[in-house]
Amino acid sequence: MQQIFESAGAAPDLEGIHAALLAWFAAAGRDLPWRHTRDPYTIMVSEIMLQQTQVDRVIPKFHAFLAEFPTLEALAAAPTADVIRAWAGLGYNRRALNLQRAARAVLEEHGGVFPRDLETLLKLPGIGRYTAGAIACFAFEQDVGFIDTNIRRVVQRLLIGAEEHGVAGEAQLLALAAAAVPPGQGWAWNQAIMELGALICTAAAPACWRCPVQNWCRAYAARRAADEQAFSAGAAPPTPPRTRKVAERRETPFSGSNRFFRGRAIAALRSLPAGESLALPELGRA
């Protein structure tokens with residue numbers, strides 16, 4: 001573990017970081033519905049919904065989806081058209097298909113009992129390294145490390161430095177995230193570091209002034225040192241880097257595109273009564 005941290009620089013004061021971040025999360029963490037359960041099916045539903053979708057949009061869909069498919073068995077047995085219909089509003093419908101495929105795999109290959117180890121979870125359809133880690137941690141309270149967008153950003157800034165000075169590779173960030181997990185507190189730690197990235201250590205405008213781990217953050221320390229150096233030299237402190245806008249590009253017209261017809265097809269299927277289907281030629285004409 002020491003070598004992992006030394007590869008990123010001096011070993012951090014993990015004891016101080018753990019205490020500060022966990023205390024902040026206990027006081028400021030949001031009351032989210034999936035934080036009140038350890039049911040692996042419910043955790044899987046929430047984690048797949050939260051991929052590329054904001055929390056505020058997920059919460060009502062999470063409740064509605066579980067009301068319609070309250071158990072692994074209910075989701076596995078449901079017509080796929082009903083699952084896609086219930087997913088409406090979340091986008092990326094492939095996630096709904098993968099969710100149902102994973103539910104069926106747990107029933108057919110594991111007797112309805114969720115596997116607990118990462119290697120077996122990763123074999124479930126549509127379950128990647130992040131989702132497998134999240135299920136192992138949030139359902140079974142295992143001390144595993146994993147990274148999503150928020151964790152990746154916090155680990156980079158806290159343990160390596162600001163992104164503008166070089167972004168670490170995925171393997172290094174995952175190793176650091178895993179090594180930073182405090183023994184016996186994986187659930188709270190991973191929730192806390194995700195929460196920090198979502199609420200304070202954001203991509204465009206990090207609120208460093210109220211960050212609970214400011215004293216240990218390498219990105220913040222480097223910024224402070226640069227400001228002090230500029231001030232002692234009589235120059236104005238450097239301004240924070242501006243968020244670059246993505247270069248404009250020509251987009252192909254939406255009408256008539258693959259996305260347009262895919263959306264029309266899904267809308268046509270959703271409008272069907274439960275249990276009914278359309279033959280492919282009929283769907284094409286529709």
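Helices (H or I, at least four residues) and strands (E, at least two) are DSSP runs, numbered from the N terminus. What you have open is a predicted model, in which local features need pLDDT of at least 70 and side-chain atom pairs count only at pLDDT 80 or more, while totals for chains, interfaces and linings use all residues. Residues are numbered from 1 along each chain as its sequence is written, and side-chain values use heavy atoms, with hydrogens and water left out.

Of the 286 residues, 43% count as buried, where buried means under 20% relative accessible area, exposed over 50% and partly exposed in between (1.4 Å probe, protein chains only). Among contacts (heavy atoms within 4.5 Å) in the protein chain with a separation of 6 or more, 63% join residues 24 or more positions apart.

**First stop: α3 and α4**

Select residues 40-50 for helix α3 and 55-68 for helix α4; they pack at an angle of about 140°, with axes 10 Å apart. Axes are lines fitted to C-alpha atoms, for helices over the stretch in contact, and angles run from 0 to 180 degrees between N-to-C directions. The angle makes α3 oblique to α4: under 35 degrees counts as roughly parallel, over 145 as roughly antiparallel, 65 to 115 as roughly perpendicular and the rest as oblique. Show side chains to see the contact, with Tyr41, Val45 and Met49 among the α3 residues and Val58, Phe62 and Phe65 among those of α4. By class, this contact has nine nonpolar, two polar and one charged residues. Here Ala, Val, Leu, Ile, Met, Phe, Trp, Tyr, Cys and Pro count as nonpolar, Asp, Glu, Lys and Arg as charged, and the others, Gly among them, as polar.

**Next: Leu75**

Move to helix α5 (residues 72-77) and pick Leu75. Is Leu75 buried or exposed? With 0% relative accessibility, Leu75 counts as buried. Leaving out residues up to four places away in sequence, Leu75 touches Tyr41, Phe65, Phe69, Val83, Leu99, Gln100 and Ala103. Draw a line from Leu75 to Tyr41, 34 residues apart along the chain: their C-alpha atoms are separated by 9.9 Å.

**Two loops to visit**

Tyr92 sits in the loop between α6 (80-87) and α7 (94-110). Its phi is positive, about 50°, although Tyr92 is not a glycine, and at 51% relative accessibility Tyr92 counts as exposed. Then find Glu141 in the loop between α9 (129-138) and α10 (149-160). Glu141 also has a positive phi, near 55°, and is partly exposed at 45% relative accessible area.

Select α2 (residues 14-28) with α12 (residues 186-199): the axes are 9 Å apart and the angle is about 75°, which makes α2 roughly perpendicular to α12. Look for Trp24 and Phe25 among the α2 residues, and Trp187 and Trp189 among those of α12. The residues of this contact divide into 12 nonpolar, two polar and one charged.

Finish in helix α11 (residues 170-179) at Ala177, buried at 5% relative accessibility. Beyond its neighbours within four places in sequence, Ala177 is in contact with Gly145, Phe146, Ile147, Ile151 and Val155.
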